[in-house]
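Thanks for asking me to look this one over. My notes follow as numbered points, with the conventions spelled out where they come up.

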Amino acid sequence: MDQLIDYFQQRVRAGRPLRIRGGGTKDWYGQQPQGDVLDVRGHAGIVDYEPTELVITARCGTPLADIEVALAERHQMLAFEPPHFGPGATVGGAVASGLCGPRRATSGAVRDFVLGAQLLDGKGDVLAFGGRVMKNVAGYDVSRMLAGSLGTLGVILEVSLKVLPRPVAAATLRFELGELDAIRRLNEWGGRPLPLSGSWWCGGVLMLRLSGAEAAVSAARRLLGGEAVPDADAFWAAVREQRLPFFAGDEALWRLSLPSTSGAIGLEGAQAIEWGGAQRWLRAGSGAATAQAIRRAAQACGGHATLFRDGDKAVGVFQPLTPALEAIQARMQDAFDPQRIFNRGRMFPQREG
């Protein structure tokens, strides 16, 4: 930690912004990174792990793979299934990006599992929020706020995460359904006490994952029907890591966050549906007119659109904020990083430059 702080102070004195970097597996996410690299991989290691308390605490540079191995040995997991997107992914990057895998719709988002954190802010102070046990909620909201902040509030030095037991049983079912039928079925099933833990629709095929107690999974299989898919772990890992054929190609990848009950979005381009209908993927262009049409369609449904990967980032990666939300975002940065030292312009370059 001392080396990180020393490097930070040197760059601040030189008036140079810093680009926080762990494994670099998500450098493409958000606007173009700026500043001198602040490499956090040396600040690594599991600080504390209490399987009986369902909490693990690790330093920001700890590889996600190391954490997952430690949890698997005790039959536990990070229930939000953070994607790695390459070797070397770190727990700090997982929290800062706020990205989740297929289980997010039923288990919760990254922010729902953050219990506490240590933060190096833009003034050089080390701040502590929350705690290492689930009963300690002091400062809990501040810890949660770091999830998805993309390092614009400071360096997440250490984080405590709630973990969950791995399900005893799992099964994957395959259905041939059109888009509207798939959305209708997913919402119908989502309103029932079924052990759902993942869904993926693309090209007329819906894949549904069930996880939980053996009796619950078996009963759901009998009720839902469909075709059983054996050895589906590799498929769901490919969904999480975006290795399916849908994600291949050079066209821009858009992510639309919508109410799960939204029907077809009526946009041109290959589409896929996740999270019970709440997350839509679209392969399309990224010119100004196309971006405006996509964001207008998402807003009409009560959601928003993100230019997730590739494309022209000049249109803005994230949906422009309303004036009220923009003011809140600016006040948060004024409190934690008033000089905009960290990850300058990573989210909203039109404001942070």
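1. A word on terms before the sheets: two strands pair if DSSP finds at least two bridges between them. Helices (H or I, at least four residues) and strands (E, at least two) are DSSP runs, numbered from the N terminus. This is a predicted model, in which local features need pLDDT of at least 70 and side-chain atom pairs count only at pLDDT 80 or more, while totals for chains, interfaces and linings use all residues. Residues are numbered from 1 along each chain as its sequence is written, and side-chain values use heavy atoms, with hydrogens and water left out.

2. The five-strand sheet. Here the strands follow the order β3-β4-β8-β6-β7 in an open sheet with antiparallel pairing. The edges are held by β3 (46-50) and β7 (126-130), each with a single partner strand, so one side of each has no neighbour in the sheet. From one strand to the next, the twist averages 10°; for angles, axes are lines fitted to C-alpha atoms, for helices over the stretch in contact, and the values run from 0 to 180 degrees between N-to-C directions.

3. Strand β6 (residues 114-120) is joined to β7 by five bridges, and the two run antiparallel. Leu-120 has Val-126 in β7 as its bridge partner. Packed on the sheet is α2, which touches β3 and β4 (55-59), and whose direction makes about 25° with that of β3. Contact here means heavy atoms within 4.5 Å.

4. The eight-strand sheet. This open sheet has the order β13-β10-β12-β11-β15-β16-β14-β17, and its pairing is antiparallel. β13 (227-228) and β17 (304-309) are the edge strands, each pairing on one side only. Five bridges connect β14 to β17, which run antiparallel, and Ser-257 has His-304 in β17 as its bridge partner. Helix α6 (residues 179-190) packs on the sheet and touches β10, β11 (196-202), β12, β15 (271-274) and β16 (279-284), its direction making about 170° with that of β11.

5. A closer look at β15. β15 pairs with β11 in the antiparallel sense over three bridges, and with β16 through four bridges, again antiparallel. Ile-273 ties into both pairings: Ile-273 is the bridge partner of Trp-201, and Ile-273 stands opposite Arg-280 in β16. Gln-271 and Ile-273 point one way from β15, Ala-272 and Glu-274 point the other way, and all are buried. Buried means under 20% relative accessible area, exposed over 50%, and partly exposed in between (1.4 Å probe, protein chains only). The hairpin of β15 and β16 has four residues between the strands, and Trp-275 in the turn shows a positive phi of about 55°.

6. What surrounds Phe-246? This residue sits in the loop between α8 (233-240) and β14 (252-257). Phe-246 counts as buried because its relative accessibility is 11%. Setting aside neighbours within four places in sequence, Phe-246 is in contact with Trp-200, Cys-202, Leu-253, Ala-270, Gln-271, Ala-272, Trp-281, Leu-282 and Arg-283. The C-alpha atoms of Phe-246 and Ala-270 are 7.8 Å apart, although 24 residues separate the two along the chain.

7. The second largest pocket. On a 1 Å grid over the protein atoms alone, a pocket is an open set of points with protein on both sides within 12 Å along at least five of seven lines, a cavity is a set where a 1.4 Å probe fits but cannot get out, and lining residues have an atom within 4 Å of a point. The second largest pocket holds about 680 Å³ of space; grid points are joined across faces, edges and corners, and a volume is the space filled by probe spheres set on the points. Its lining has 25 residues, with Glu-81, Arg-103, Arg-166, Arg-209 and Asp-233 nearest the centre. α8 gives the most to this lining, with four residues. By class the lining splits into 13 nonpolar, three polar and nine charged residues, where Ala, Val, Leu, Ile, Met, Phe, Trp, Tyr, Cys and Pro count as nonpolar, Asp, Glu, Lys and Arg as charged, and the others, Gly among them, as polar.

8. The largest cavity contains about 320 Å³ of space. Lining the largest cavity are 23 residues, and nearest its centre lie Ile-20, Gly-22, Gly-92, Gly-93 and Ala-96. The largest share of this lining, four residues, comes from α3. The lining of the largest cavity has eight nonpolar, 11 polar and four charged residues.
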